[in-house]
Amino acid sequence: NEEITKYLMGKSSDNVFYGRVLEIMVPEWNLTNELRIQTILFDIGKDIEDYEQDVHGGFPNILHMFLTLKLEASKVPANPAEAVELASRFGISNEILGLATGYRTQAVANLELTRAPSLKAAINRNFTKIEEALKSR
């Protein structure tokens with residue numbers, strides 16, 4: 001969904017700036033996109049973790065956005081366990097995991113990522129957090 005992609009790109013836009021600064025300071029740095037992906041994966045996991053607070057606070061939340069594509073907003077639960085259960089039932093969990101997998105695959109395809117093991121570890125850690133959050137509730 002275009003709105004979801006725009007949301008994720010907007011949340012991680014600061015990393016484009018910081019990545020460009022790193023490129024100026026360290027010319028061999030070529031991991032701006034991977035830095036952004038790490039943040040996108042972090043934000044997806046954080047949205048699932050903070051689902052109830054985001055819904056009650058009226059903040060954008062990726063899980064809620066996906067659910068409202070399938071249900072009327074008034075029928076989307078505020079309870080995170082119920083939301084994850086519905087997401088599983090409607091195949092939304094697989095859609096979110098597919099989105100996250102695509103981002104992670106794109107990041108690890110850059111061979112220069114091996115020069116930044118902590119960034120690679122963060123990407124994988126954030127992906128695992130998404131997997132666990134969508135299964136654990």
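A crossing of two helices is called left-handed if the near helix is turned anticlockwise from the far one by less than a right angle, and right-handed if clockwise. Here are some notes with that term in hand.

1. Ground rules. This is a predicted model, in which local features need pLDDT of at least 70 and side-chain atom pairs count only at pLDDT 80 or more, while totals for chains, interfaces and linings use all residues. Residues are numbered from 1 along each chain as its sequence is written, and side-chain values use heavy atoms, with hydrogens and water left out.

2. Helix 2 against helix 3. Helix 2 (residues 13–25) passes helix 3 in a right-handed crossing; helices here are DSSP runs (H or I, at least four residues), numbered from the N terminus. The two pack at about 150°, their axes 8 Å apart; axes are lines fitted to C-alpha atoms over the stretch in contact, and angles run from 0 to 180 degrees between N-to-C directions. Helix 2 is therefore roughly antiparallel to helix 3, a label used for angles over 145 degrees.

3. Who makes that contact. Helix 2 supplies Ser13, Asn15, Val16, Gly19, Arg20 and Glu23, and helix 3 supplies Thr32, Leu35, Arg36 and Thr39, where contact means heavy atoms within 4.5 Å. By class, these residues come to 2 nonpolar, 5 polar and 3 charged. In this scheme Ala, Val, Leu, Ile, Met, Phe, Trp, Tyr, Cys and Pro count as nonpolar, Asp, Glu, Lys and Arg as charged, and the others, Gly among them, as polar.

4. The two sides of helix 1. Ile4, Tyr7 and Leu8 of helix 1 (residues 2–11) are buried, meaning under 20% relative accessible area with a 1.4 Å probe and protein chains only. Viewed down the axis, the buried residues fall within an arc of 95°, so they line one face of the helix; the arc is taken from the directions from the helix axis to the C-beta atoms. Glu2, Glu3 and Lys6 are exposed (over 50%) on the face turned away from the buried side.

5. Partners of helix 1. Its buried residues pack against helix 3 (32–49), helix 5 (62–70) and helix 7 (92–108). With helix 5, the angle is about 170° and the axes are 10 Å apart, which means helix 1 is roughly antiparallel to helix 5. Glu3, Ile4, Tyr7 and Leu8 meet Ile62, Met65, Phe66 and Leu69; that contact has 7 nonpolar residues, no polar ones and 1 charged.

6. Asp50 sits in the loop between helix 3 and helix 4 (51–57) and is buried, at 17% relative accessible area.

Notes: Parallel < 35°, antiparallel > 145°, perpendicular 65-115°, else oblique.
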